[in-house]
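Open your viewer and have the selection tool ready. We will go stop by stop.

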Amino acid sequence: MSGSPTPLDLRQQYPCPLCRRGTLSELTLTEAFGCDVCHHIFAVNPSKQSVQVVDRSPPLTWRWNGQRWKVSHRDDVRLNWEAWIAAIAFVLFPTAIVSLAAYAFPPLPGSPLGIFPIFWAILTFFSHLACVTWLILEYYQVPVLSYLRWRR
């Protein structure tokens, strides 16, 4: 795998693009690869020089550039400006509602839970931001959990 670029070949072994620790090798009597560490199955498309993990939803796809794997983005979904506006609104609108409620109905002075409305607004912001971040990671096919699982 070192040296000049090589085309994708079922008889060769390649580094696993998912766990990045294992080795992909041909599964007997199939046109698929299997990883010896993470045990995922990858369908091979020799004409596109790509592999797709088939036991995960949504399936992730990587293209072989001759020396290493590159993430192949999904062609059926486009992330346009309307999606970004919706994502920003999903984060800011609930946070604004909670913050406005905290401002309009402040806690009594000296109450032991006087900081709770501010905490709730911050929690609302970060929980909605986490949802949007998760969706973006899924769109760009970043398997965070798989990376974390095999880093141990």
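Select residues 50-53, strand E5, and residues 61-64, strand E6. In this predicted model, E5 and E6 pair in the antiparallel sense over three bridges. Click Val51, then look across to E6: the bridge partner there is Trp62.

Which residue in E7 is the bridge partner of Trp64? Trp69 is that partner. Next, select the hairpin of E6 and E7, with its four residues between the strands. Stop at Gly66, which takes a positive phi near 105°.

Turn to the aromatic rings. A search of the whole structure finds eight aromatic pairs. Show Tyr14 and Trp64, an edge-to-face pair. Their centres are 4.8 Å apart, with 70° between the planes. Tyr14 belongs to strand E1 (residues 14-15) and Trp64 to strand E6, so this pair ties together parts that are 50 residues apart in sequence. Are these two residues buried or exposed? Both Tyr14 and Trp64 are buried.

Phe116 is partly exposed, at 41% relative accessible area. Phe119 is partly exposed too, at 46%.

For the last stop, select Tyr14, Phe33, Trp64 and Trp69 together. These four form one aromatic cluster.

Methods
Residues are numbered from 1 along each chain as its sequence is written. This is a predicted model: local features need pLDDT of at least 70, side-chain atom pairs count only at pLDDT 80 or more; totals for chains, interfaces and linings use all residues. Side-chain values use heavy atoms; hydrogens and water are left out. Two strands pair if DSSP finds at least two bridges between them. Helices (H or I, at least four residues) and strands (E, at least two) are DSSP runs, numbered from the N terminus. Rings of Phe, Tyr and Trp (its six-membered ring) pair if their centres lie within 6.5 Å; planes under 30 degrees apart count as stacked, over 60 as edge-to-face and the rest as tilted. Buried means under 20% relative accessible area, exposed over 50%, partly exposed in between (1.4 Å probe, protein chains only).
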